[in-house]
Amino acid sequence: MLREEELKTFVDGTTRYFEVAAQQPASIGSPYLLEGEPAMHDYTGMINVSGKREGVVYFTAPRAMLTVLLMKMQESDFSHESMRDLVGEVANTISGNARRDFGHDFVISVPSVFAGEKPQINRPTGARAFVIPIHWRSHSAKLVVSLT
Amino acid sequence: MLLSGADRNRRLLTAAAGILLAAVMGLVLIVGFRLATQIRASVGTLQQASELEAYPSAISEQLTALRQRLDTLEYTGHVHGELDSSVRGFNRDFTVLEHQKGLDPAAMHAATALWGNYTPVLAKVLSYHGEPYSDTATNSSLSRSGRVYYAHVRRAELFAQANAAALHGELALVSASLQARTAAAASRLRWLLSGGVLAVLLLGLAAAYLQVARGRGERAARDAQDQTRDILATVREGLFLLDADYRIGAVWSQALTSMFGRSDFAGLTFEELLRDKVPPETLNTAMKFIKLLWGERAHENLMKSINPLGQLEVSMDNGRGGKETRYLQFDFHRVMGPKGVKHVLCAVGDITSSVLLARELHEAQENAHSQLDMMVGMLHSDPLQLGSFLDSASAGLKHVNAILKEPARTHAEFSKKLAGLARELHSMKGEASALNLMSIAQRVHHLEDMLAELKGRSELTGNDFLPLVLKLDELLAHLRGVREMTLKLSSLREQPDSPEGTISAPALRSATAGPEELTATLQSLARKLAQDHGKDFTLALTGLAQCPPAYLGTLKDCLIQMLRNAAVHGIEADEVRRAGAKNGGGQVRVEFRRVESGYELTFEDDGAGLSPEALKEAAVRKNLLSEEQAAQLDNRAALALIFKPGFSTRNEVSMDAGRGAGMDVVARAVYGLGGRIGVSTNPGRYTRFKIALPAVDETAVA
């Protein structure tokens, strides 16, 4: 069973990105358990985890949110590639936070990024996915943690 | 470093030898200096005495030379001057000699007397200052004064020739005595130096011996120090000494470095060691305990039993910029000195792995117990009821998840979720208890505890709901396990040799519990509640067969809740019933019947009844009403308080009551079916609920 401190590590990694990159902290909404197919937004950054835990963690956000985030970061390039890079960076921060807290217990892959297309998500059998809404300004994204 | 008694003695002896050596050397130097000074003075005097010895013969010769010159009428001034100079020199040196100490007094006296005789004779010669010759044109001769002068010279010559040897002899005796004295002083100096050298040699030898012994002792101490260092570098425990100011001493074991992630322990206070690692209240308790250790009257074994640091949870840097939780065990031993407690030896062990192992073991045991309980509960449950419960529990948890899924950003939005979640979970717990599925009931109870804790917070965020959603996941997994086990049990019952009348697995999956199962469930719950709460009562159920299937589920939830309320709040303990002149055990009566407008359910217990005043007091205590508002309520309105969310007359929460979610759930369920609920009571006699439900189109339902 996933422990609270493990879940918090992924949540903190996500909110920290907003705090550092946009100098505006994100808050988290009411967490719940995913039922059925995951609802994906326009861009998704995902890391695969193995070792002590097996599964995936991904951050999925709508284009509008990423655009405002880029603007807050003083970026002028709002291209498809910039959006992809941005969700990749968030996934990378989540990964860094996990490495910091769990060390070698977790083997974490290089982030993969999906945009538009339905991502190939290999959720582990028997593991339920936790969905944590991430609210930033008027926008909402989702952090999904599915680990055995 | 500690010194042994032998080491201390050796050090004292070495110091004493050094002091003695310095004293001897000082004495030798002082006495030697004095002797040398004395010798030097004696040698000077001896030299003077020796020089004086030459004067008598010189004076005699000078007088002879003066007389001869007068005989030959030669110039005398020069010789006269030499004589005068000799006499003055003798006088001067002799006067100096007279003032010297340690001279032969007899010889000196004799010399003084002799020279005293010389003085008037020579004075007459030396007092002459005229011209001794008178010159004519043809020759020269002694003048008148010259002849007198000649006579004095001649007499002085004769005197000197007669006494020169004697004076010389006396002066030689004086010199000899001086020489003897100098020789004696030199001899004493020689002896002194020899003695000093010998003493120095002896003391030097002693010091050398002590030094060698000390070197041996130091080598042994160094070896001991090396061994101590090796032990401290190798031992897995963190060891250090605390002084009376609670500061760590200079010596500590290397294991502390990895335990605390620092190496500057010397001089650090115990408080500074733990400050950033434990919560302030834990630190406060730890410091109070440490202070107690210094009390003279503290009993060490007793202190051990109250050690608050036996298993201390600390937050450490994990070396990657993050934090990790570790468990340390602190053990304290007092080091006693002659004046009481000298130090406190502190031994710290990292027991993280054993704590985690124990926790895993405990969890495994809990799981095993819980599985066993679950198995027992399942074996005692009717498969149909069980299947029905699992279906409704899954549906209930789906609803719980749906409530969680509703978007929320503000405290009000998060707070609103809590009431809905509490209602869903409370119903589920009641049903699980009724089926004796305690592992499920306890898990739901834990979730209810978490909700109650969140309800008390002034600010709620999504972070506060993370533990809740994890617990929900755990409960769902547990339910899945129960369902799988139920299916396995059912498949066992499908075996050819299984007893007749058992239900097959497909039947379990599709069956819905009917009135008979509900009756059995309620009777089972009544027995369990009576046992759990030490109450004696019976449950009489009539007319449940008339309940339309559409109402069965809701009716079950309501009856379970009301039955729990009756067992906890209504039926009195035996002694109370006897005191109230009530005969025998309590009675709970449930009657379901068709009426003109639909259906009516009566639920009645012959227990303590409801006291409007007690209900008002409870509402004020639970902050549901102010005292003024409560005072304004009539009895009817006071009775209606039991349907308010969060209302309970109990202060403490148990598995069966105290949440304040019971009658609220019943009322909502009844309203949900379009029904009404009412309550009447006679304090001390009974409580009666009447639920009116509308008629249903059974054809449509079917």
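In strand 12 of chain B, Ile691(B) is the bridge partner of Leu601(B). The model is predicted: local features need pLDDT of at least 70, side-chain atom pairs count only at pLDDT 80 or more, and totals for chains, interfaces and linings use all residues. Residues are numbered from 1 along each chain as its sequence is written, while chains are lettered from A and ligands numbered from 1 in the order in which they are written. Helices (H or I, at least four residues) and strands (E, at least two) are DSSP runs, numbered from the N terminus.

**Mixed sheet of chain B**

- Strand 10 (residues 598–605) and strand 12 (residues 686–694) of chain B run antiparallel and are joined by eight bridges.
- They belong to an open sheet of five strands in the order 8-9-10-12-11 (chain B), with mixed pairing. Two strands pair if DSSP finds at least two bridges between them.
- Strand 8 (537–542) and strand 11 (676–682) of chain B each have a single partner strand, so one side of each lacks a neighbour in the sheet.
- From one strand to the next, the twist averages 10 degrees.
- Helix 15 (residues 515–533) of chain B packs on this sheet and touches strand 8 and strand 9 (586–595) of chain B. The direction of helix 15 makes about 165 degrees with that of strand 8 of chain B. Axes are lines fitted to C-alpha atoms, for helices over the stretch in contact, and angles run from 0 to 180 degrees between N-to-C directions.

**Antiparallel sheet of chain B**

- Another open sheet of five strands has the order 4-3-7-6-5 (chain B), and its pairing is antiparallel.
- Strand 4 (248–252) and strand 5 (312–317) of chain B stand at its edges.
- Neighbouring strands here are turned by 35 degrees against each other on average, direction ignored.
- Five bridges pair strand 3 (residues 238–242) with strand 7 (residues 340–350) of chain B in the antiparallel sense. Leu241(B) stands opposite Leu345(B) in strand 7 of chain B.

**Helix pairs**

- Helix 11 (residues 411–434) and helix 16 (residues 549–570) of chain B pack at about 75 degrees, with their axes 9 Å apart. That makes the two roughly perpendicular. Angles under 35 degrees count as roughly parallel, over 145 as roughly antiparallel, 65 to 115 as roughly perpendicular and the rest as oblique.
- Residues of helix 11 of chain B in this contact include Ser427(B) and Glu431(B). Those of helix 16 of chain B include Asp557(B) and Arg564(B). Residues are in contact if their C-beta atoms, placed from the backbone, lie within 7 Å.
- Helix 1 and helix 3 of chain A pack at about 135 degrees, with their axes 8 Å apart. The two are therefore oblique to each other.

**Chain A and its contact with chain B**

- Chain A has three helices and eight strands. From the N terminus on, its elements run α-β-β-β-β-α-α-β-β-β-β.
- The contact between the chains takes 22 residues from chain A and 25 residues from chain B.
- Strand 7 of chain A gives the most to the side of chain A that touches chain B, with four residues.
- That side of chain A divides into ten nonpolar, five polar and seven charged residues. Ala, Val, Leu, Ile, Met, Phe, Trp, Tyr, Cys and Pro count as nonpolar, Asp, Glu, Lys and Arg as charged, and the others, Gly among them, as polar.

Definitions and conventions. Contact = placed C-beta atoms within 7 Å.
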